[in-house]
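I opened my notebook for a friendly walk through a structure. Here is what I looked up, entry by entry.

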Amino acid sequence: MSADILNVETLASRIPDGATLAIARDQGGAPMTTIRALIRRGARDLHLIGVPVVGIGGDMLIGAGCVRTYEGAGVTLGEYGAAPRFVEAVREGRIALKDSTCPAIHAALQAGEKGLPFMPLRGILGTDILRHRPEWKTIDNPFAASGGDPIVLLPALRPDIALIHAAKADRLGNVWIGRDRELMTMAHAAKTTLATVEEIVDGNLMEDELRAAATIPALYVGAVAEAKGGSLPIAMPGHYGDDDALLRDYVQAAKSRGGFEDFLVRFGARDRVAA
Amino acid sequence: MSAKPEFRREELLIATIARLLQGLSHVATGASSPIPGSAALLARRRSGGRMRVSILGSRKNAPFTNGGVELFDCAAEGRLDAFFLGGGEIDGEANINLVGTGDYPRSDVRFPGSFGSAYLYFLVPNVILFREEHTRRVMVPKVAFVSAPGTSLPGVYRPGGPIGLLTGLCWFRFDRTKKRFALESVHPGTSVAEVRAATGFDFDCPERVPETRAPDAETLALIRGPIAAEVAEAYPAFAERMFGAKAA
């Protein structure tokens, strides 16, 4: 059995409206080509999970009205500043928020990949994050010698889909991710993983001893699509850097709703400015 | 006697943080932290390479192979000595707000989010609060949203917490028992009165407050040379703006 090799539009069509969609931080590449396809389709009501945060891709999905709920530890454009569409959507109350903290996202996914109902985590006590997450529970550590020792329990996260962009995949659906191991945890925890890659290679990545441990086995992967430059304007380590001009363009343009819509046209995510 | 070298505020902050980090084994920096990142690299150089430095967003300066979770796991095991946190708001009990002002969730001004603060603040023994902007907008009597509390109730597992707050104007030391900041030095060209006027919370203040030590010529040469080149990998825009430096 192997994963389906699709084009990006078809891959994006595997993400239904209303899906719980996990996207990783920008460090190892961002699934921008699929995000563009989701916006073109007019995807709605996504529950977006940042692992543990999202960048410009998340800001674009939120700005384009694709997201009902954002769950994560942050939305940031890094050196380029605040995420303008996210900030406005929050101010206008257009998205629901499940504010989190980075290790809580990781821990909840780890519970998910183990099929456990929850994971305990240190910290978090006495924060307003905890106060606004009624589904997070606090118990006393049952192993504490002298009683007390409160600790927070986080319900497992099992996203419908982990959406990633990686360096390469083979035709069997094995996806090489390198050192960005959160992608592995996401793939394990999610019901399926959809991956765009810079290149689809011949052979079997699992047979390469140096690569196998940094490869998501096809077992977890629903579909793969080739998308060269698929992370742009975000850097893809080993392939290309940030598209600085396009990121600057975005930060300026996305300050206003109209500017953002114009940007989406330039980015190929909309055919024309919505009336 | 040679004339005192001229320096920029960022260079003073880098040199000051590097002094605070002296003697530690493992220092990490988080999101959007070019000045702490530069300072950690400077401290590592001064340690003769003995200090381990982990810079989020860097591949060269990140000793991890288990993804983003590894930094947090390291912290929980006590393998991380220092980290940096900031805040859109910081109050006099060292509570920090990285979420927003106004009525949550509909924040009037939304900040990027809490990132790892709600965890690392509890677990890293030497958290340095760092925020360049020192105004009453940032240094507030009470934060609107607690992303991470400065102190915790007795019984809460908390080996970590803040040691102090460095701003564009001064360095405050934090007393975890008193839950208060004490002004320890003001940066060259800044007065105590100025600090008071810009701070929305009350703090302890000795009769005589020394000036933050200015970086010497050798330190400035390091910052502008090898450190600028090293930090450019993770913070290209900062390195170019500050030093005209490109990644090494």
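**Entry 1: chain A**

What share of the contacts in chain A with a separation of 6 or more comes from residues 24 or more positions apart? I found that such residues account for 71% of them. Two residues are in contact if their C-beta atoms, placed from the backbone, lie within 7 Å.

Before going on, I noted that this is a predicted model, in which local features need pLDDT of at least 70, side-chain atom pairs count only at pLDDT 80 or more, and totals for chains, interfaces and linings use all residues. Residues are numbered from 1 along each chain as its sequence is written, while chains are lettered from A and ligands numbered from 1 in the order in which they are written.

I looked up the secondary structure of chain A and got ten helices and 13 strands. Helices (H or I, at least four residues) and strands (E, at least two) are DSSP runs, numbered from the N terminus.

I then checked the radius of gyration, which is taken over C-alpha atoms. Chain A has 19 Å, in agreement with the value near 19 Å that a compact globule of 275 residues would have. The globule rule behind this is 2.2 Å times the number of residues to the power 0.38. Along the principal axes, the C-alpha atoms of chain A fill a box of roughly 65 × 50 × 30 Å.

Of the 275 residues of chain A, 52% count as buried. A residue is buried if 20 or more other C-beta atoms lie within 10 Å of its own, exposed if 12 or fewer, and partly exposed in between, with C-beta atoms placed from the backbone.

**Entry 2: the domains of chain A**

I looked up the domain assignment next: domain 1 of chain A is 4-101 + 157-266, and domain 2 is 119-154. Such bounds come from an automatic or database domain assignment. The centres of the two domains, taken over C-alpha atoms, are 31 Å apart. Their contact takes four residues from domain 1 and four residues from domain 2.

How many of the eight residues of helix α7 of chain A are buried? I counted seven in this helix, which spans residues 182-189. Among them are Glu182(A), Leu183(A) and Met186(A).

Met186(A) came up again in the largest nonpolar core, which has 166 residues. Together with Ala22(A) and Leu61(A), Met186(A) touches the most other members. This core draws at least three residues from each of domain 1 and domain 2 of chain A. A nonpolar core is a set of buried Ala, Val, Leu, Ile, Met, Phe, Trp, Tyr and Cys residues joined through C-beta atoms within 7 Å. In soluble globular proteins, nonpolar side chains tend to be buried together.

Leaving out residues up to four places away in sequence, I listed what Met186(A) touches: Ala22(A), Ala24(A), Val51(A), Leu109(A), Ala162(A) and Ile164(A).

**Entry 3: chain B**

Chain B has seven helices and twelve strands. Its radius of gyration is 18 Å, close to the 18 Å from the globule rule for 248 residues, so chain B is as compact as a globular protein of that length. I also noted that 51% of the 248 residues count as buried.

The mean pLDDT of chain B is 95, and 98% of its residues reach 70 or more. pLDDT is the predictor's confidence in each residue, from 0 to 100.

**Entry 4: where the chains meet**

The contact between the chains takes 41 residues from chain A and 41 residues from chain B. On the side of chain A, the elements giving two or more residues include α5 (102-114) and α7. For the complex, the predictor gives an ipTM of 0.96 and a pTM of 0.96.

**Entry 5: two places in chain B**

Why is helix α3 of chain B largely enclosed by the rest of the structure? Six of its eight residues (69-76) are buried, so the rest of the structure largely encloses this helix. The cover over the buried residues of α3(B) includes α5 and α7 of chain A. After α3(B) comes Gly78(B), with a positive phi near 80°.

Last, I looked up Val140(B), which sits in strand β9 (residues 139-140) of chain B. Val140(B) is buried, with 21 other C-beta atoms within 10 Å.
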